[in-house]
Amino acid sequence: MPAKPFQFMDVPRRTPREVPVSVRVLGWGEIYGQFDAPAAGEQASRCLDCGNPYCEWKCPVHNDIPNWLSLVQEGRLFEAAELAHETNPLPEICGRVCPQDRLCEGACTINVGFEAVTIGSIEKYIVDEAFKQGWRPDLSQVKASGRRVAIIGAGPAGLSCADRLARAGIQAHVFDRYEEIGGLLTFGIPPFKLEKQVMATRRGVLEAMGVQFHLGIEIGRDLGIDDLLRDYDAVFLGSGAYRYVDAQLPGQQRRGVIPALPFLVSNGRRVLHGGADAGPAAAMPAVPTQVIAGWQGAAPDLDMRGKHVVVLGGGDTGMDCVRTATRLGAASVTCVYRRGEAAMPGSRREVKNARDEGVRFLFNRQPLSIEGEDAVTGLRVVETAAAGGARSESVQIIAGSETVIAADVVILAFGFRADPPAWLDALAPDREADQRLRVGIESRLPFQTAHPRLFAGGDVVRGADLVVTAVYDGREAARSIARLVLATDDRRAHSEPAA
Ligand code: FAD
Ligand code: SF4
């Protein structure tokens with residue numbers, strides 16, 4: 001129970017200090033600062049302890065939010081960090097990138113009328129500050145089981161699974177084709193939302209817990225799934241969703257048209273290797289075109305200086321593209337979305353940030369074609385009206401409203417689909433293609449696939465979704481894996497004669 005239950009009436013909601021727009025667009029650093037202990041305590045004291053914490057239910061990993069807010073108020077930081085990790089293996093990351101306005105904060109009891117408790121920023125504060133003060137997960141009581149599990153993919157699903165396996169005494173070996181861990185956390189989500197140092201710290205924490213990373217190894221090319229199934233007790237597949245949705249716009253082969261992920265991945269790599277201060281013209285990187293399923297284009301030109309950039313798509317990926325283009329020196333950046341603002345699928349916070357940084361939004365414009373000769377010169381659009389409510393999926397075309405928006409670069413941010421690896425066919429030959437990754441159904445363990453020792457979770461199963469849902473899947477898959485591989489130990493102990 002908070003010392004003063006109606007504190008939220010006297011203390012207004014505050015978020016950590018934002019870097020001024022004029023400064024932040026010049027670099028790649030995160031735009032939000034950090035609470036100090038008094039500010040975190042004061043904001044935590046706004047929690048009403050309502051007794052029916054909708055925030056906790058709306059949080060996909062069901063964080064024990066009221067209790068860690070209470071620990072923060074009392075200054076018991078290490079206990080808060082311990083509690084935060086009980087439900088969430090990557091709390092400092094979710095605190096930064098979750099769309100809290102749609103999740104925990106959107107469900108906060110005081111949100112209507114008094115504005116929600118700043119849950120995400122406090123979650124980030126707890127873990128960043130605890131790490132800074134030397135706190136680390138304590139695995140001293142964990143007994144090694146001698147069991148080994150291979151994890152394909154070092155994204156949030158794979159890392160979450162590795163964390164939980166380590167805590168269960170199971171050796172986790174994580175394989176990733178990239179040179180760094182994090183998956184889209186490192187190579188997709190731009191550094192102004194999640195600085196790459198955060199991932200470096202998390203890597204150190206996981207390694208200290210005994211997790212082993214094997215980077216630059218692609219399963220299916222450098223090692224086969226059969227190798228993993230032979231050498232490990234079980235395998236977790238967390239390989240993400242990398243097949244981009246192709247709108248097949250006429251003219252999309254023109255020079256200057258770039259799909260979102262190659263654009264963001266290339267820039268993510270450039271910043272990772274050039275440091276957070278990499279300016280617009282810093283060395284252009286080698287582009288991992290082979291990892292963007294379905295895309296055959298050349299390496300994207302990241303030099304946006306002086307160019308007019310149009311981004312198609314109104315989700316979080318679209319917002320990341322517009323804000324990245326701004327930082328790459330574009331002369332103008334316009335987001336074109338075929339429905340109205342109320343129907344935008346992404347986080348409101350990211351739309352606001354984009355607007356603050358000078359991005360122009362054109363709503364109710366359906367793209368028709370990309371204009372130009374060899375290179376792009378514009379985007380032909382037609383105006384639309386909502387057909388069936390402001391949030392409706394379907395739109396009506398307004399006849400005679402075609403216009404061309406001048407553009408030097410058009411970035412396609414229509415989303416991604418799950419892209420399960422081809423080798424799954426051989427592992428589950430009897431099953432219908434769409435059933436191969438229907439995990440945890442019928443009598444199987446949660447997150448277990450058609451193959452009894454292969455588990456899967458995150459975007460490869462759900463399709464493009466969220467970091468926090470990938471974290472949930474990895475956590476729960478690890479629970480199933482532990483049940484399987486440790487039960488095998490139990491059976492052996494009971495059937496094999498003692499040595
Ligand atoms: P991924 O993060 O994609 O990780 C999969 C990993 O598997 C990759 O590292 C890949 O290299 C590796 N891999 C794949 N195949 C192989 C193989 N054969 N061998 C070895 N390794 C392999 N979500 C949010 O909650 N908030 C946001 O702000 C947000 N912003 C986003 C911005 C962008 C641009 C994008 C694209 C997504 C964003 N998301 C956001 C969604 C979020 O990043 C994903 O839902 C999440 O990362 C999925 O986690 P995952 O572990 O399933 O997959
Ligand atoms: Fe909110 Fe995400 Fe943290 Fe859950 S994990 S409390 S949804 S910020």
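In these legends, a residue is called buried under 20% relative accessible area, exposed over 50%, and partly exposed in between, with a 1.4 Å probe and protein chains only. The model is predicted, so that local features need pLDDT of at least 70 and side-chain atom pairs count only at pLDDT 80 or more, while totals for chains, interfaces and linings use all residues. Residues are numbered from 1 along each chain as its sequence is written, chains are lettered from A and ligands numbered from 1 in the order in which they are written, and side-chain values use heavy atoms, with hydrogens and water left out.

Figure 1. Q73 is found in helix α4; helices are DSSP runs of H or I with at least four residues, strands are runs of E with at least two, and both are numbered from the N terminus. With a relative accessible area of 30%, Q73 is partly exposed. Q73 and S45 are 28 residues apart in sequence, and their C-alpha atoms are 6.2 Å apart in space.

**Figure 2. P38 and G75 form a second pair, seen from helix α2.** P38 lies in helix α2. This proline counts as exposed, because its relative accessibility is 62%. Along the chain P38 and G75 are 37 residues apart, and 8.9 Å separates their C-alpha atoms.

Figure 3. D49 lies in the loop between α2 (37-44) and α3 (54-58). Its phi is positive, about 50°, although D49 is not a glycine. Most residues other than glycine have a negative phi. D49 counts as partly exposed because its relative accessibility is 32%.

**Figure 4. N364 occupies the loop between two strands.** The strands on either side of N364 are β9 (360-362) and β10 (365-372). N364 has a positive phi of about 55° and is not a glycine. At 21% relative accessibility, N364 counts as partly exposed.

**Figure 5. The largest cavity has a lining of 17 residues.** On a 1 Å grid over the protein atoms alone, a cavity is a set of points where a 1.4 Å probe fits but cannot get out, and its lining residues have an atom within 4 Å of a point. Grid points are joined across faces, edges and corners, and a volume is the space filled by probe spheres set on the points. A search of the whole structure finds three cavities of 30 Å³ or more, and the largest holds about 130 Å³ of space. Among its lining residues, C47, C50, C55, C108 and T109 lie nearest its centre. The elements that give two or more residues to this lining are α3 and α4 (65-73). Helix α4 supplies the largest share, three residues. By class, the lining has 14 nonpolar, two polar and one charged residues; Ala, Val, Leu, Ile, Met, Phe, Trp, Tyr, Cys and Pro count as nonpolar, Asp, Glu, Lys and Arg as charged, and the others, Gly among them, as polar.

**Figure 6. Ligand 2 sits in the second largest cavity.** A molecule sits in a cavity if more than half of its atoms lie within 2 Å of the cavity's grid points. About 80 Å³ of space lies in this cavity. Of its 14 lining residues, C59, N63, C98, C104 and E123 lie nearest the centre. The lining comprises 10 nonpolar, three polar and one charged residues. Around ligand 2 itself there are 13 residues, of which C59, C98, Q100, C104 and E123 come nearest; a residue is near a molecule if one of its heavy atoms lies within 4 Å of it. This shell has nine nonpolar, three polar and one charged residues.

Figure 7. A polar side-chain atom of K193 lies 2.8 Å from an oxygen atom of ligand 1. A polar backbone atom of D459 is 2.9 Å from a ligand oxygen atom, and a backbone N or O atom of L466 lies 3.3 Å from an oxygen atom of ligand 1.

**Figure 8. A172 and L264 are two buried residues.** A172 is found in strand β2 (residues 171-176) and has a relative accessible area of 2%. The C-alpha atoms of A172 and Y232, 60 residues apart along the chain, are separated by 9.6 Å. L264 lies in helix α13 (residues 260-274), with a relative accessible area of 5%. L264 and A325 are 61 residues apart in sequence and 9.6 Å apart in space, C-alpha to C-alpha.

How values were computed: On a 1 Å grid over the protein atoms alone, a cavity is a set of points where a 1.4 Å probe fits but cannot get out, and a pocket is an open set with protein on both sides within 12 Å along at least five of seven lines; lining residues have an atom within 4 Å of a point. A polar contact is a pair of N or O atoms within 3.5 Å; within protein, one must be able to donate a hydrogen and the other to accept it, and residues adjacent in sequence count only if both atoms are side-chain atoms.
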